[in-house]
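Student: I would like to learn how to read the features of a protein model. Can we go through one together?

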Amino acid sequence: METIIILVFVLGYLAITVEHSIKIDKLIPALVMMAICWALISLGIDSFPQWFDSSNHGLVDGFADLGHESKMHWMEETLLHHLGKTAEILVFLLGAMTIVEIIDYFDGFSTIKGFIKTKSKRKVLWIFAILAFILSAIIDNLTATIVLISILQKIVKDRDVRIWYAGLIIIAANAGGAWSPIGDVTTTMLWIGKKVTTGHLIGYLFIPSLLCMLVPTFIASYLPAFKGDLEKVQEDSDKPKSKFSSTMLYLGLGGIISVPIFKTITHLPPYVGMMLALGVVAIFAEIYSNSKFSMSSHDSEESDAHANHSPVHHSLSKIELPSILFFLGILMAVAALESLGILFGFAGTLQDNTPMLGTELHTEGVSDLVVLLLGVGSAVIDNVPLVAASLGMFTEPIDDQLWHFIAFSAGTGGSMLIIGSAAGVVAMGMEKIDFFWYIKKISWLAFVGFVVGAVAFMFTRTLF
């Protein structure tokens, strides 16, 4: 039965990886895979020789000798445990997504466009790279990429030049998301899963992540694509900015930034702080929406639609529910493998057959090469299931160096292929970037950044 479950997972994973080829959204195989895996566990519960207790990070003693009812009880308790942990991540993401949509409702991100005064291609590159690095740490790398490419389309007229900027934005956004607990879904998973704390995560990863952004940007700034000045683009003078744009931008970003602080003070799960931030931002959104000036940045038809709806309701209708369902499916499917002890056994096999690189990450000696391979793997397949699997494979305590290295590798490794990260996929869709163009022009820059950042991490951890 275990073999069948692994086969179902592999087929589902394959369908997720080739979603663009088979034209089926990845949330569908994720949900089907999750449901079938748990159904097979329920039907074959009496045939499994072991059970992994996720709450205590160990195998259940004498599981094979338990009766049917006791085994079903273990399965139900484990399923509820994993659903609770997954729900924490999903509710957190729902709150963050809604705040970002509220900011966009008031055209708050147009404020960022006002910061860009130069026409020098090289200076614009550095401005967008730094903005991507900072914004992704606050509103996550996916949203930061969408926002910055949307602004880029209003500033850079030539698409052939624009896709170069988009490629560097992907690298910078993924690097920025790696060092922040709210900057990337995988880092958020480690944070909510109590594997890393905010202070140690920033301490370990800020310098490696910064170098991962700076080095490729520095190299790219000397490439022919970024020489000279940009063509002047006519301003959208017919769409004046809402007088509340800047206020909602700073209020929304401040609300998201306050979540780690709230967690540190109250010791409550992060999603509680995110719901508080959403509530505060929503209050101001409702107040501001009553002013006729708050709609001035939209055309008349859209303004009429907005006038008939609460800004919070409108924002909730715009969030990425397919992504939420995908995370539900993939995390619960990985949880099925973890519950059977498959990931636990795989971790031991992987470690026993992998040579050590550099210094040991901890006393048991998890190889640096294992984590680096995970980073390279995240460029080929989604980093969310890879990190979810690592949560089930390794049992190191909170703030162990292993978790920080995983956060860096999984977060930045995806930049090496355009399909390797959510930021890359959305940029690919927005600018119709060719897969092989990205490999020839951008992948080597991302690889250099990844290697430099990894070396910087290995040096940084010795300081701690």
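Student: Which side chain meets that of E431 in a salt bridge?

Tutor: A salt bridge is a side-chain nitrogen of Lys or Arg within 4 Å of a carboxyl oxygen of Asp or Glu. Here the partner of E431 is R162, at 2.7 Å from N to O. The pair links distant parts of the chain, with E431 in helix α20 (residues 422-431) and R162 in helix α8 (residues 159-178), 269 residues apart. Helices here are DSSP runs of H or I with at least four residues, strands are runs of E with at least two, and both are numbered from the N terminus.

Student: What should I know about the model itself?

Tutor: This is a predicted model, in which local features need pLDDT of at least 70 and side-chain atom pairs count only at pLDDT 80 or more, while totals for chains, interfaces and linings use all residues. Residues are numbered from 1 along each chain as its sequence is written, and side-chain values use heavy atoms, with hydrogens and water left out.

Student: How many salt bridges does the structure hold?

Tutor: It holds 3. One of them joins R461 and D368, 2.9 Å from N to O. That pair also links distant parts of the chain: R461 is in helix α22 and D368 in helix α17 (residues 368-380), 93 residues apart.

Student: Is R461 buried or exposed?

Tutor: Buried means under 20% relative accessible area, exposed means over 50%, and partly exposed is in between (1.4 Å probe, protein chains only). R461 counts as buried because its relative accessible area is 3%. D368 is buried too, at 0%. Both E431 and R162 are also buried.

Student: Where does the bridge between D160 and R159 stand on that scale?

Tutor: Their side chains meet at 3.9 Å, N to O. D160 has a relative accessible area of 51%, so D160 is exposed. R159, at 33%, is partly exposed.

Student: Which residues does T460 touch?

Tutor: Contact means heavy atoms within 4.5 Å. Leaving out residues up to four places away in sequence, T460 touches G203, Y204 and P208. T460 sits in helix α22 (residues 443-463) and is buried, with a relative accessible area of 8%. A polar atom of the T460 side chain lies 2.7 Å from the backbone oxygen of A456.

Student: How much of the whole protein is buried?

Tutor: Buried residues make up 55% of the 464 residues. The protein has 22 helices and 2 strands.

Notes
Polar contact = N/O pair within 3.5 Å; in protein donor to acceptor, adjacent residues only side chain to side chain.
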